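Here's a quick tour for anyone meeting this structure for the first time. Take a look at the sequence and the model, then read on.

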Amino acid sequence: MTDLEYRIIDDWNEARWSAVERIYEQSFPLDGKKSRDIIRRMFEKRMCQLHTIAQGSDIVGMALTGIDQQAGALLIDYIAIHKDLRGSGYGRQLLDRIKEWTRTVANCKGIIVEVESEPTEENCRRIHFWQRNGFHLAAYVHQYIWVPEPYQAMYLNFEESNRLPDDGKLLFRSITKFHEKAYRRSNRE
């Protein structure tokens, strides 16, 4: 796993998206993901980045992120590893590279991710993954009007002296603003 190639793009690249789309499709249910058209518009609005890791010529993991400049936070919208390779450390490797890029290049003070909060075995595994990687679970449970499952925010701070809020309602302001902009057809803020 030492020869992984990490890449980040912030412009729509049809070939690159096609290379990760299978990982994205197999990782998220039909109603739990954004369409290709919405993701393309997100790139056109300059609101996201695609992170990939590859082993040789094979992309093994992807993440779609966005930066909330006002909050000083990177939001991880989606992160996924090829289904045949899950549990072998690639998720941690990708997340470690995202953390380093977020801290040093994007100059953010932390990372925010939302997780489904229903107490299923799969959701507990996901939360545990984030916790093992330094994230904290906010207590607030958020209920969207457009999806039935409840969510909670998780956050990671890079420095104790420059922290993201630990209040889930405040974290969801960033998350909701990101989703609203993603689904909006026009490029206006």
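**Loops and backbone**

Let's start in a loop: Arg 46 sits between H2 and strand S2 (49-55). Keep in mind while you look around that this is a predicted model. From that loop we'll move to the whole chain, then to one strand residue, and finally to two helix pairs.

- Most residues other than glycine have a negative phi.
- You'll find Asn 107 in the loop that links helix H3 (90-104) to strand S5 (110-116).
- Is Asn 107 buried or exposed? With a relative accessibility of 60%, Asn 107 counts as exposed, because the cut-off for exposed is over 50%.

*The chain as a whole*

- The chain has five helices and seven strands.
- Read from the N terminus, its elements come in the order β-α-α-β-β-β-α-β-α-β-β-α.
- The radius of gyration is 16 Å, close to the 16 Å that the globule rule gives for 189 residues, so the chain is as compact as a globular protein of that length.
- Along its principal axes, the C-alpha trace spans about 40 × 40 × 35 Å.
- Of the 189 residues, 50% are buried.
- Take the contacts between residues at least 6 apart in sequence: 63% of them join residues at least 24 apart.

*Around strand S1*

- Ile 9 is part of strand S1, and at 14% relative accessibility it counts as buried, because anything under 20% does.
- Which residues does Ile 9 touch, leaving aside its neighbours within four places in sequence? Its contacts are Arg 16, Phe 43, Cys 48, Gln 49 and Leu 50.
- Asn 13 lies in the loop between strand S1 (4-9) and H1, and with a relative accessible area of 32% it is partly exposed.
- Asn 13 and Phe 43 are 30 residues apart in sequence, while their C-alpha atoms are 9.1 Å apart in space.

*How H1 packs on H2*

- Two packed helices are described by the angle between their axes and the distance between the axes.
- For helix H1 (residues 14-27) and helix H2 (residues 36-44), the angle is about 135° and the axes are 12 Å apart.
- H1 and H2 are therefore oblique to each other, and their crossing is right-handed.
- On the H1 side, the contact is made by Glu 14, Trp 17, Ser 18, Glu 21 and Tyr 24, and on the H2 side by Arg 36, Ile 39 and Arg 40.
- Sorted by class, this contact of H1 with H2 has three nonpolar, one polar and four charged residues.

*How H2 packs on H5*

- H2 has another helix partner in helix H5 (residues 168-183): their axes come within 8 Å and cross at roughly 105°.
- How are H2 and H5 oriented to each other? They are roughly perpendicular, because angles of 65 to 115 degrees count that way.
- H2 brings Ile 38, Arg 41 and Met 42 to this contact, and H5 brings Phe 178, Ala 182 and Tyr 183.
- By class, the contact of H2 with H5 has five nonpolar, no polar and one charged residues.

Definitions and conventions: Residues are numbered from 1 along each chain as its sequence is written. This is a predicted model: local features need pLDDT of at least 70, side-chain atom pairs count only at pLDDT 80 or more; totals for chains, interfaces and linings use all residues. Side-chain values use heavy atoms; hydrogens and water are left out. Axes are lines fitted to C-alpha atoms, for helices over the stretch in contact, and angles run from 0 to 180 degrees between N-to-C directions. Helices (H or I, at least four residues) and strands (E, at least two) are DSSP runs, numbered from the N terminus. Angles under 35 degrees count as roughly parallel, over 145 as roughly antiparallel, 65 to 115 as roughly perpendicular and the rest as oblique. A crossing is left-handed if the near helix is turned anticlockwise from the far one by less than a right angle, and right-handed if clockwise. Contact means heavy atoms within 4.5 Å. Ala, Val, Leu, Ile, Met, Phe, Trp, Tyr, Cys and Pro count as nonpolar, Asp, Glu, Lys and Arg as charged, and the others, Gly among them, as polar. The radius of gyration is taken over C-alpha atoms; the globule rule is 2.2 Å times the number of residues to the power 0.38. Buried means under 20% relative accessible area, exposed over 50%, partly exposed in between (1.4 Å probe, protein chains only).
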